[in-house]
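Below are some notes on the model you sent. They take the sheet, then the helices, then the ligand site.

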Amino acid sequence: METFEMIKSRKAVRQYTGQISDEQLNNILLAANAGSVGLGKFEDYRLTVIQKPEVLSKLTGIYDAPTVIVVSSTNNGLMEGNSAGTIVHNMELAAENQGLGANYNMACLGSIPENVIPDGFKPLFAMTLGQTTETFTPRNISLSKIATNIVK
Ligand SMILES: Cc1cc2nc3c(=O)[nH]c(=O)nc-3n(C[C@H](O)[C@H](O)[C@H](O)COP(=O)(O)O)c2cc1C
């Protein structure tokens, strides 16, 4: 989809009908790697793709998603949180551009079992993901949804 149309079509999808393919996952991971991180320190971040039912069943607030991707970093400051945001946002756009359902997720972060995230990394932000029956068409976005002050 054309970029601006896709931006307007993106939405939180919380109902999933099946697992994504490895090809779809690779496209999403490519989008993650196209994101930005503060100071360009990509080595300070990790992506963890969780598709193992035993692990997924322990995660809270994931709406039975068959895939959860967690972004973690060596630190959990503002810089790292913001960087994780760019990564997850890129992934959500790439997922929904492929017709998949996706949603940002912080609810699961505190329930990730030990040894799932690499040692020394703290989970910052996640995305739930799966096939969906929802469709994506440009939404009517109001310019006043987020109050804006223009200083000029
Ligand atoms: C930082 C952040 C954390 C979020 N965490 C969750 C979450 O844990 N669970 C959830 O269902 N949605 C979560 N969301 C999704 C928002 O609730 C959703 O994007 C918002 O209500 C706007 O809806 P829209 O994405 O359809 O425009 C989160 C979004 C952001 C940006």
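**Notes on the fold and the ligand site**

1. In this predicted model, 4 strands make up an open sheet with antiparallel pairing, in the order 1-2-4-3. Strand 1 (45–50) and strand 3 (101–105) are the edge strands, each pairing on one side only. From one strand to the next, the twist averages 20°.

2. Strand 1 and strand 2 (residues 67–73) run antiparallel and are joined by 6 bridges. Valine 49 has isoleucine 69, in strand 2, as its bridge partner.

3. Two helices lie across the sheet strands. Helix 2 (residues 22–33) lies across strand 1, strand 2 and strand 4 (122–130), at about 160° to strand 1. Helix 4 (residues 78–97) lies across strand 1, strand 2, strand 3 and strand 4, and runs at about 10° to strand 4.

4. Which element gives the most to the shell around the ligand? Strand 3 does, with 3 residues. The residues around the ligand include Asn103, Tyr104 and Asn105, as well as Arg10, Lys11, Arg14, Phe125 and Arg139. By class, the shell divides into 6 nonpolar, 2 polar and 4 charged residues.

5. The protein covers 60% of the 630 Å² of accessible area that the ligand has on its own.

Conventions:
Residues numbered from 1 in each chain as written. Predicted model: local features only at pLDDT ≥ 70, side-chain atom pairs only at ≥ 80, totals over all residues. Heavy atoms only, no water. Pairing = 2+ DSSP bridges. Axes fitted to C-alpha atoms, helices over the stretch in contact; angles between N-to-C directions. Contact = heavy atoms within 4.5 Å. Near = heavy atom within 4 Å. Areas by Shrake-Rupley, 256 points an atom, 1.4 Å probe, with all protein chains shown as cover. Nonpolar A, V, L, I, M, F, W, Y, C, P; charged D, E, K, R; others polar.
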